[in-house]
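Please look through the structure below.

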Amino acid sequence: MLSYKQNPDPSGLHSRRMNRKKDKGFEICINNINFQRKSVIGYVELTIFPTVMNLNRIKLNSKQCRIYRVRVNDLEAPFIYNDPTLEVCHHESKQRNLNYFSSAYTAAVSAVDPDAGNGELSIKVPSELWKQGDEMKVMKVYIEFSLDQPKGGLHFVVPDVDGSMAERAAHVFSFGNQNSTRFWFPCVDSYSELCTWKLEFTVDASMVAVSCGDLVETVYTHDMRKKTFHYMLPIPTAAPNISLAVGPFEILVDPYMHEVTHFCLPQLLPLLKQTMSYLHEIFEFYEEILTCRYPYSCFKTVFVDEAYVQVSSYASMSIFSTNLLHSGMIIDQTPVTRRCLAQALAQQFFGCFISRMSWSDEWVLKGISGYIYGLYLKKTFGVNEYRHWIKEELDKIVEYELKMGGVLLHPTFSGGKEKDNPTPHLHFSIRHPHTLSWEYYKMFQCKAHLVMRLIENRISMEFMLQVFNKLLSLASTASSQKYQSHMWSQMLVSTSGFLKSISNVSGKDIGPLIKQWVDQSGVVKFFGSFAFNRKRNVLELEIRQDYTSSGTQKYVGPIKVTVQELDGSFNHTLQIEENSLKHDIPCHSKSRRNKKKKIPLMNGEEVDMDLSAMDADSPLLWIRIDPDMSILRKVEFEQADFMWQYQLRFERDVVAQEEAISALEIFPTPASRLALTDILEQDQCFYKVRIQACFCLAKIANSMMSTWTGPPAMKSLFTRMFCCKSCPNIVKTNNFINFQSYFLQKTMPVAMALLRDVQNLCPKEVLNFILDLIKYNDNRKNKFSDNYYRAELIDALTNSLTPAISINNEVRTVDNLNTDVRLILEEITRFLNMEKLLPSYRNTITVSCLRAIRMLQKNGHIPSDPSLFKSYAQYGHFVDVRIAALEAVIDYTRGTHFVLTTNFLCLSFSMLGKLGPFSWSGIFFIFQLVCLLQRLGHNTISPNLMLIFSIYREVLHPSYVQKLFSFIIFIKERYSFTILTGKS
Amino acid sequence: MADSVVMGSGSLNSGSRSGSSKTSTSPTDNYQLARRRTLQVVVSSLLTECGFESAEKAAMETLTEMMQSYITEVGRCAKATCEHTARSTPTLSDVVITLVEMGFNVDTLPVYAKRSQRMVITAPPITNASVVPKALIAGQKRTHPTYIPSHFPEFPDPHTYIKTPTFREPVSDYQVVREKAASQRRDVERALTRFMAKTGETESLFKDDISAFPLIAAKPSAIPYLSALLPSELELQTLEETDSSEQDDQTDTENNSSNVSQDDQSADKENVVLPPGGVVPTGKANEENMIDNPYLRPVKKPKVRRKK
């Protein structure tokens, strides 16, 4: 039973103004949670302060709940329940295409948007109270409700084994995309409606109910078989930030911070201890930079199975996927999990404690939490990792926007007309978080934190942190006030408020920056080239822009260019203006005079360089455009191969090194080879750069195939670094204490397997080398698990595969198996079978084996057959395995001329019913949709799909329609799907 | 039981003697039984000759006993006679004298033996003397040296007293050791997985030959995350081992020499290898009691409502 008290203020329902009634207290009580039937019974009580006269109708949000009775101030009140998203398009509708669906869906979501004072549940205030309403007196709304087999909002995990529910590790937790709290109790489901909460959950005595706020007390029921958890959340919080998790959790009080409690499923406590051992550092970091204490009096982390997303943050608690837990022997998962924890904690400050005024202010919250998370990354993982991450994020957003069109951070919906949709090309509306494409929202968050970084560049980090501190301290002052003081709006952030405090604190005008990146979508695309004018000793730089293609915008303003000359490194700030393409940059050094002089670098270091490769007439070593990534841009810059090589070797910035490596791919020369090899060998060099160099070297080696001398690329290097001195064909026993070399050791074989000889086959030498690595792999004396390493060795085998030579389309049998393939298959079989006896962490090895088998099938070495993958895709396998298996099945449907049968479709849908929510965000659903889309006419929802929509309404519950929808778009985006013409 | 022996059948109906025949199994017993049975047959045939058709069992037994006593007496006396003349083997004349002494008219014997209506009784089957199995002979037995007389027992098989050298130089070549360890592990793994595959359900990559590359069938489990996240026992074991003995430096020479001597360094190693901040203080147990965390507090009893 859950019982909560929310005090929503459904005020302005009639006034159409944004400030509705203020609901200032909310009480929710759930007094029965039935795991067997997956049902919940409870009631809510809202205390409402009317802010308008004539309040005779109260609108609340509620989906899928069954409402038994509603009382207002102890008087029975009639109510109407209508959820327009249940049937987005009517059956009789003639128009059946995505655009129509999109607009109908947007209209349905708008019709229940709490920010506009709408809701699914409309309660008529009894006429006896009208008079009271006119006097703006407090009203109490009491709603009894139940929830049966919820499809969204709450997720029940009930493993199918014997024993009591606690023994079975059955648990339930809340989840949802943005404001989805209405799925599990009636409320005002808006981020801008704050209220205080009192929550009560009566659960089985063997279970623990974890929810927001302070646990006041736990009391047994009279029969002593159940207990009630009483929570109080005195800090005003929006309903979407309320969550619940109930299960037979093991409890760990953080050894460093006793007010922090961690919960995990039975048997996982040792992993929880290990995983949580550094959480206090993250706390300390954030509190220090924000000079603000963590706003809630306690913090809880809960690790659940089948989590909707890896991390979700709610007021004073976070729900994580149990798959983030790891033991101390796992290397690869550790940084990933730490990042997740850091993200969750950043969102506690900005997102949970500080909420947003409206959907169009979302970018501020996402931006700030992403930005401070970045600062944590910088501090914990180092500047290299941070810059690498920024580059990665920048590349991602640039790629997305150039391909899919712009991402708009701060959309303004002035006219309120649907046609004003700023991004009509995307087939979806960005008006509501629920109509958004999943992928788009990810990119939105990515862009938001990058823009925050741009603001930091402009006003300095110090001011930036002052702004955050100001927001937080205003909010915490407001949070301790009563509702009547009208201070609570301080806890909501808005774009204008945020910009105002920036200008107050820094005194700088960042208007142009905001206009460029926040109010406007698109990125900048630069093309650069240069010429050196020897007579004038001037560098003539030409920077052009492409601002006509989709997803681009025109940039006007300063741009930084760094020129490394013989006499040192020099920064120049150029003005990009309307029509000027060419920029003259005077050079400081004459072409080389003092041959022996050391060359000063940007960081003050002085190094010796072998200058024989460079142009004797020019003092230029390399040129970088916008080295600090202070514009959201893509730069395609042309410079000579030796300049890229110098840049790779001597520029100390990892971003520059990575750019140089990608540029060198098109220069397959011995000099490039040497530069890459040198980088590979240099252990001071950032390991991710070295990893990238491996793959680049493999590409170059393939391009240089005919002139390549010596052993296959990287082989001798690997031998020198990781093999025994006395017998070079045997790898040393594993010792992964040095993580950098561990990552390199993992990656090199994968890259080497990409090498090809003249016949376009993987060289025999390389294959045998990899097989030897597998053979001699010995982890007995290693402190760390080698599961990721072994998985990558299997990936290496996969990479070595090339298409089979098929004679007359013969059927693949065991007898005509190629000998090399036989060896590979032997290894894969053994690995896959061993995994059943000694499973590896996260089943990484199974995942790699499945990929390898699919690759063998795809290349025609073994018969193409999806049945193996289907068995691994079933519910009950570890989620990573299922995803890998589904990817293989999808690949199968794409690779062969897949004939879609009705049976297959039915099978797919019967499988759909069994899915947990994680699968919806996973690949399984895509697979289903690939099948569906093949039945669709071009850009049209066929009658069949409509039929399926209606038949499987249970499965495609409203909570998923939005996801379904965004997935259709996602598939179109991702797979550039050619949709066959459908026949009805 | 009224036992009757059917005369004239000549068959040895041993059914009546089943009680003893079951228990007597030794060769001597067998012999005596066979002899007695033969005597019975003889008595029966003589009776048949004399015109009897049936006889009571007791009568038969008595006659047989008399016959046996008589023959025994003949034998005993013949032996005595022969020994009396300082010989060891009785001759025909000894028997004749005996018979004469016992008052038997020897001259009638040839006539009686050649009578026309006599019945011929086949000799009892000769049971094969059971062969004592020969002990396994391994190697060549040694012959006696000259100073040991030949009637002394032979030497036992050489393997019982000659030692065979089984000791070989331990392989210390690093490459060979690694090679061996690798192939050993691989063999074990392959054998184990093949066994598992043979004894359980499998999936196959080839439709035509299901036995080639058998894959153990994937079975969904109710709680899949447990096996995927918890370290396997093998890994835990490894962890314990590596915790107690520090990882050896990976030079080739050290790899093949045992790392026992390095144990003493292990104490301070643990802190070094963990990622920053990864060490949880272990001495927190005492403080645990002092922690005031709402989830550790005891659950309250419900308040008793008084009914008024």
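Glu56(B) is exposed, its relative accessible area being 60% (exposed means over 50%, buried under 20%, partly exposed in between, with a 1.4 Å probe and protein chains only). This residue belongs to strand β2 of chain B, residues 54–56. Between the C-alpha atoms of Glu56(B) and Met66(B), ten residues apart along the chain, the separation is 16 Å.

This is a predicted model, in which local features need pLDDT of at least 70, side-chain atom pairs count only at pLDDT 80 or more, and totals for chains, interfaces and linings use all residues. Residues are numbered from 1 along each chain as its sequence is written, chains are lettered from A and ligands numbered from 1 in the order in which they are written, and side-chain values use heavy atoms, without hydrogens and water.

In chain A, the axes of helix α13 (residues 670–681) and helix α14 (residues 687–703) come within 9 Å and cross at roughly 150°. α13(A) is therefore roughly antiparallel to α14(A) (angles over 145 degrees count as such). Their crossing is left-handed: the near helix is turned anticlockwise from the far one by less than a right angle. Residues of α13(A) that meet α14(A) include Leu676(A), Ile679(A) and Leu680(A), and their counterparts in α14(A) include Ala693(A), Leu697(A) and Ile700(A) (contact means heavy atoms within 4.5 Å). The residues of this contact divide into nine nonpolar, two polar and three charged.

Chain A as a whole has 27 helices and 32 strands (DSSP runs of H or I, at least four residues, and of E, at least two). Of its 984 residues, 63% are buried.

Methods
Axes fitted to C-alpha atoms, helices over the stretch in contact; angles between N-to-C directions. Parallel < 35°, antiparallel > 145°, perpendicular 65-115°, else oblique. Nonpolar A, V, L, I, M, F, W, Y, C, P; charged D, E, K, R; others polar.
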